[in-house]
Amino acid sequence: MPSSDDSSHLKQEAVRLTASLSDDLFEFSRALYDDPELSLEEVRASRRLTEILSREHFQVTRGVSSLPTSFVAVARGVRPGPAVAILAEYDALPDVGHGCGHNLIAGSALGAGMVLGRLRHRLPGEIRIIGTPAEETVGGKVLMVKGGVFDNLDAVMMIHPGTEFRVFTTSLACQSIEVIFEGKTSHAVAAPDRGVNALDPLVQLYVGVDALRKSLTSEVRIPGVIVEGGKRANLVPELAVGRFSIRARNRTAVEAILDRIVRLAHGLASASGARVSIRRLDETYDEMLTNSVLAGLFKENLKALGEETNDAPRDRMGSLDMGNVSHAVPALHAYVAIAPSTGALHTREFAQATISEPGRKGLLLAVQALSMTAIDLLAQPETVAAARQELLTTTGKGVK
Ligand SMILES: [Zn+2]
């Protein structure tokens, strides 16, 4: 096993290697910026990544978990040891292209893969670069966790560009549902008594969900929309469809809220005479569990590179498909600053920040900090054991 002295040499070398790759990595991220692809259509981004990783001595498997644009790339060290993964996202958004900065996430994972791959002869264990598509829609990682892609791993890390440096990321658990009321149409003026209005119970449900939210803890969000509510005012609506996204601090809380919405919808259906059906629109997202061992190492490495992190609790958060990964493997989803604190994700301005000088600097720091933290984990098995113990304590489960 390398001594800590060796690992500090390796980290210095990783910093130097990253600097020498910096222009190429920035050009790679810019190429994705110039050629944005939507979720599940990231064919060219996935190919660019896997072609380079293959040339860098990674064994690449494409299209895992029935996601054609996903991949797993593996490079092995000199002897058995921990297995550490770094994740790439590369899907863009309609209209705003890489407004969530996933081109930099891909660039940082590629960069860390190139650096660690070139140091593999001096490292134990295994480095995996995992391509996780469709973060913005179906949550590729949720499907990949179910498909076993994250089994037999000791740590999983990724960075996301943002407006601050942060290692402790939290997110809300989430479940999207569709509620369908079915009634019976009739002339809404001449014979309303012969119809069953499907829109009325949906409107009452919409209002009722808002009232329900007020009785719950402050972080709960249950935004909803009515996607179908009738065709003409003189026809009693026979079909009404609503969609709700239930967000709460963990899966148990989400399920408890879902149960109340289901009971409310059935009560409204029986009072109105309409039929109701409710279905889940996607997999449940878990809340993000940031592993403090990984976070501590990443924070120290950022500090060595001259950056301080904001460790105050987050006051605004959404949901992340990384949440599900973090319940299976010790995980880190760190933020790297590339835009001022007034900047907002999912905007054209944020996309432009990824190809600005702060974007270039953020990419360099991300690759350096990811590589250094991977070296810490690979070279010091006790850190991996501590990270695993924390996950088991927090969840009472964990794979492996
Ligand atoms: Zn994102």
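Isoleucine 105 touches Ala88, Glu89, Met158, Ile159 and His160 when residues up to four places away in sequence are left out, and touching here means that the C-beta atoms of two residues, placed from the backbone, lie within 7 Å. This is a predicted model, in which local features need pLDDT of at least 70 and side-chain atom pairs count only at pLDDT 80 or more, while totals for chains, interfaces and linings use all residues. Residues are numbered from 1 along each chain as its sequence is written.

Isoleucine 105 has its place in helix 3, where helices (H or I, at least four residues) and strands (E, at least two) are DSSP runs numbered from the N terminus. Isoleucine 105 is buried, with 29 other C-beta atoms within 10 Å; a residue is called buried if 20 or more other C-beta atoms lie within 10 Å of its own, exposed if 12 or fewer, and partly exposed in between, with the C-beta atoms placed from the backbone. The C-alpha atoms of isoleucine 105 and arginine 47 are separated by 16 Å, and these two residues are 58 residues apart along the chain.

How many of the 17 residues of helix 3 are buried? The number is 16 of the 17, so helix 3 is largely enclosed by the rest of the structure. Helix 3 covers residues 102–118, and at 1.5 Å a residue it should span 24 Å, which agrees with the 24 Å between its end C-alpha atoms; the expected span is 1.5 Å times one less than the number of residues in the helix.

**Helix 7 against helix 11**

Two packed helices are described by the angle between their axes and the distance between the axes. Helix 7 (residues 292–304) and helix 11 (residues 381–395) pack at an angle of about 135°, with their axes 8 Å apart. The axes are lines fitted to C-alpha atoms, for helices over the stretch in contact, and the angles run from 0 to 180 degrees between N-to-C directions. Helix 7 and helix 11 are therefore oblique to each other, given that angles under 35 degrees count as roughly parallel, over 145 as roughly antiparallel, 65 to 115 as roughly perpendicular and the rest as oblique.

On the side of helix 7, Ser292, Val293, Leu294 and Leu297 meet Thr383, Ala386, Ala387 and Glu390 of helix 11. Asparagine 301 is also found in helix 7, and it touches Ala369, Met372 and Thr373, again not counting residues up to four places away in sequence.

**Two positive phi angles**

Serine 66 has a positive phi of about 60° although it is not a glycine, and it lies in the loop between strand 1 (59–62) and strand 2 (71–76). Alanine 134, likewise not a glycine, has a positive phi of about 55°, and its loop runs between strand 4 (126–131) and helix 4 (140–146).

The table lists the surroundings of these two residues and of two others.

| Residue | C-beta atoms within 10 Å | Class |
|---|---|---|
| Serine 66 | 9 other C-beta atoms | exposed |
| Alanine 134 | 23 other C-beta atoms | buried |
| Glutamate 51 | 11 C-beta neighbours | exposed |
| Asparagine 301 | 24 C-beta neighbours | buried |

**Domains and distances**

The protein chain is divided into domain 1 (4–171 + 287–395) and domain 2 (173–280), with bounds that come from an automatic or database domain assignment. Taken over C-alpha atoms, the centres of domain 1 and domain 2 are separated by 39 Å. The C-alpha atoms of asparagine 301 and valine 209, which are 92 residues apart along the chain, are separated by 45 Å.
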